[in-house]
Amino acid sequence: MERGSRFCENAGPAVFFYAAVNAAKNGNCSAGLRTCCADRNTCEGTEQLRISLEDNMEILVCVKQVPDDSVEIALDPKTGAPALDGVTPVVNAFDTYALEMAVRLKEAAGGEVTVLSIGDESVKNSLKNCLAVGADYAYLAADDAYQNADPEVIAKELQAAKAEIEEKTGKKFDIVFCGKETTDFASGQVGTILAKELDVPVTADIVDITAGEGKVTAKQETEEGYRMIESVLPCVVTVNKPEYDPRYPTIKSKMAARKKPIEELAAAEKAEAQVTVLKVYEPAKRAAGTKIKVEDPEEAVHQALAMMDEAKAL
């Protein structure tokens, strides 16, 4: 049966198909379905359907392709821009944490994981890597100038792309995962702005998540320790580094990912940028320190105090 046109007929309390789930979420039990609930005699709306969210989680993970942050990158003295020649593009580290957490949630609760990225044609390779480590579907929102966009513009493009995916597939995403920040610009704002645009709750800096009974419970990392936060769905979460590492793709999963399509979405109308980067520059290098080479400790302290007094550090 084709995805998006399935139906369940007296399927039992634990079996729900994709179209039935979305019909119930919209309060519409006709939707071309013969039966869209476990009990064939009680198909009268979302309250009576008793849909098992854990078996039907629709998850969207927003990822960004960035320069490999394991490589030291200097600024081009002529342009003042980062010198990226020869630097391999990779999926942003915090986005790989978000994807791993999303896939683990899917494995525990059931459902599907869709990855979405904004960028040019080269980003498709990063999306293939996401498919190889557990994502089910991948979409690219075409934008060759995405690196020049501010967080507000990116969030609005993600919102538009999410709406287009939902319109194309008929699904409604229950939860959107974002990395807490990117390793290139590190604004840490896109996830929270996206939640504002979607008008849904957001929980930031999470390191673990579970789902049940129409809600999610996230473990949030704070400066003092951890906080457990319960959120209704739909919602947005931003992910910090969890206690586990992202999985590695296998040869089999890489081969399977190559066969999966990556659908391109129409370029969204550009919003006006609210923030402009005026200058990117390296921090000033520290001046070389002065070594005090005397054997007498008292003399060493005396010289140190004299130098601090001269520098007006006291």
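I started at E298, which sits in helix α8, residues 297–310. Helices here are DSSP runs of H or I with at least four residues, strands are runs of E with at least two, and both are numbered from the N terminus. This is a predicted model, so I kept in mind that local features need pLDDT of at least 70, side-chain atom pairs count only at pLDDT 80 or more, and totals for chains, interfaces and linings use all residues. Residues are numbered from 1 along each chain as its sequence is written, and side-chain values use heavy atoms, with hydrogens and water left out.

**Helix α8 and its surface**

Is E298 buried or exposed? E298 comes out exposed, at 65% relative accessibility. My cut-offs: buried is under 20% relative accessible area, exposed is over 50%, and partly exposed is in between (1.4 Å probe, protein chains only).

E298 belongs to a surface patch of negative charge, together with E295, D296 and E299. Patch members have over 30% relative accessible area and no salt bridge; like charges are joined within 9 Å, and nonpolar side chains (Val, Leu, Ile, Met, Phe, Trp, Tyr) within 5 Å. Asp and Glu count as negative, Lys and Arg as positive, and His and the chain ends are not counted. Each charge is placed at CG of Asp, CD of Glu, NZ of Lys or CZ of Arg.

Helix α8 also holds L305, which is partly exposed at 44%. L305 is in a nonpolar surface patch with V301, M308 and L314, and together they have about 380 Å² of accessible area. Areas are from the Shrake-Rupley method with a 1.4 Å probe, and for residues only the protein chains shown count as cover.

**Salt bridges**

I counted a salt bridge when a side-chain nitrogen of Lys or Arg is within 4 Å of a carboxyl oxygen of Asp or Glu. How many salt bridges does that rule give? The count is 17.

I looked up E58 with K171, whose closest N and O atoms are 3.4 Å apart. E58 lies in strand β1 (residues 57–63) and K171 in the loop between α5 and β6, so this pair ties together parts 113 residues apart in sequence. Both E58 and K171 are buried.

Next came D136 and K106, joined at 3.3 Å, N to O. D136 is in the loop between α4 and β5 (137–142) and K106 is in helix α3 (residues 93–109), 30 residues apart. D136 is partly exposed at 23%, while K106 is buried at 15%.

K196 pairs with E197 at 3.4 Å; K196 is exposed at 51% and E197 partly exposed at 21%. I also noted a salt-bridge network of E100, R104, E107 and R247.

**Cysteines and helix α4**

How many disulfides does the structure hold? There are 0, with a disulfide taken as a pair of cysteine sulfur atoms within 2.5 Å. For C178, the nearest cysteine sulfur is that of C62, 4.2 Å away. C178 is buried at 5%.

C130 is buried too, at 3%. C130 is one of the buried residues of helix α4 (residues 123–132), along with V123, S126, L127, L131 and A132. After α4 comes G134, with a positive phi near 125 degrees.

**Last stop: F173**

F173 is in the loop between α5 (151–169) and β6 (175–179), and is buried at 4%. Its C-alpha is 9.7 Å from that of E112, a residue 61 positions apart along the chain.
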